[in-house]
Amino acid sequence: MCLCLFSSVSSHRKKMICRILLLIKLTCCVCAGTFEVNGTQSFYQAEENQNVKLEWTFTPKADSSLHSLHVLCFMVTDLKVSVLFELIGGVEVSESEDEQFAGRVHCDKDVLKEGRLRLHVSSLRTEDSGLYVCEMMINDGRGVGECRLNVSAAAHEPETQRPTVRPGAESLGRPGLYVGLGLVLLAASAVLALCVFKKCVIKSADQRGNFSAVV
C-alpha cells in the first residue's frame, strides 16, 4: 500500500520526501559523536548578479578519512528548503542540487583535507537570500554549521544625460537646413540685382548728361 502511494506522487514530491528523510536521518543520529563545524562568517551581504564564497571549517578526528565524509548544504527560508550541495564519500551528487542553484555552485575540494568546506555561488539572485545550513557526517561523528546570506537588488546606473538642445533645433533637421540656405541665396541674389540696377541707372543718367552737353 505504501509503495503504491509513493509511486503515485510526482517526481518533485519524491525528491522533497527523500530530502526530508535524509535530513531526519542526519539530525536523529543520537548515537553518533559530534565535531565542530563553524562558518568563517555568520553573515554575508552581496548584490544581485555578484558572486559569493561561503566557507565552513570543521575538526574531524585525526583518524577520519575524507572518503567517509558526507556533506549536505541547504538553504532555508520561510517558504522552502533548497539543497545547493551534497558530497558523499568525496563524490559530488549533482542530482541532489535544487533547480534554483543548478550550475551555480562550485566546491573547492582541495581544501577539504585542510578541514575547510568552501562553496562558490555565482550569479546571485535576490531569492538566494536565506539561512544556509551545512551538515557533516564522518565515520561516527556529526557536526552542523550555519550562516546567513542577504542578496539585495542591483543598483541601477543613472542614464547618461543628453546634451541640451535648443527647442526646435532637432526638429528642423535637413529640410530646415536646406530652407535656410535657400533664403540666404535668395537674399544674396536680391542684393546683387539691386547693385546691378543702381549701376544701370547711374550709367543711364551719365549718358543723358553727355547728350545734353553736346546739344
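## Nonpolar cores

The largest nonpolar core has 30 residues, and W56, F85 and L117 have the most contacts inside it. At least two residues of this core come from each of β3 (43-47), β4 (52-58), β5 (69-76), β6 (81-88), β8, β9 (116-121), β10 (130-138) and β11 (141-152). Another core, of 5 residues, lies apart from it; among its members are L72, V83, L131 and V133. The model described here is predicted.

## The aromatic pair

The whole structure holds 1 aromatic pair. F101 and Y132 form this pair in an edge-to-face arrangement, with 6.4 Å from centre to centre and 75° between the planes. F101 belongs to the loop between β7 and β8, while Y132 belongs to strand β10, so the pair ties together parts that are 31 residues apart in sequence.

F101 is buried, at a relative accessible area of 0%, and Y132 counts as buried at 1% relative accessibility.

## Two glutamates

E55 is part of strand β4. Its relative accessibility is 9%, under the 20% limit, so E55 counts as buried. Beyond its neighbours within four places in sequence, E55 is in contact with N38, G39, T40, Y44, R116, L117 and R118. One of these, L117, is also among the residues with the most contacts inside the largest nonpolar core.

E95 sits in the loop between β7 (91-92) and β8 (105-107). Its relative accessible area is 60%, over the 50% limit, so E95 is exposed. A distance of 9.5 Å separates the C-alpha atoms of E95 and F85, which are 10 residues apart along the chain.

Note on methods: Residues are numbered from 1 along each chain as its sequence is written. This is a predicted model: local features need pLDDT of at least 70, side-chain atom pairs count only at pLDDT 80 or more; totals for chains, interfaces and linings use all residues. Side-chain values use heavy atoms; hydrogens and water are left out. Helices (H or I, at least four residues) and strands (E, at least two) are DSSP runs, numbered from the N terminus. Buried means under 20% relative accessible area, exposed over 50%, partly exposed in between (1.4 Å probe, protein chains only). A nonpolar core is a set of buried Ala, Val, Leu, Ile, Met, Phe, Trp, Tyr and Cys residues joined through side-chain atoms within 4.5 Å. Contact means heavy atoms within 4.5 Å. Rings of Phe, Tyr and Trp (its six-membered ring) pair if their centres lie within 6.5 Å; planes under 30 degrees apart count as stacked, over 60 as edge-to-face and the rest as tilted.
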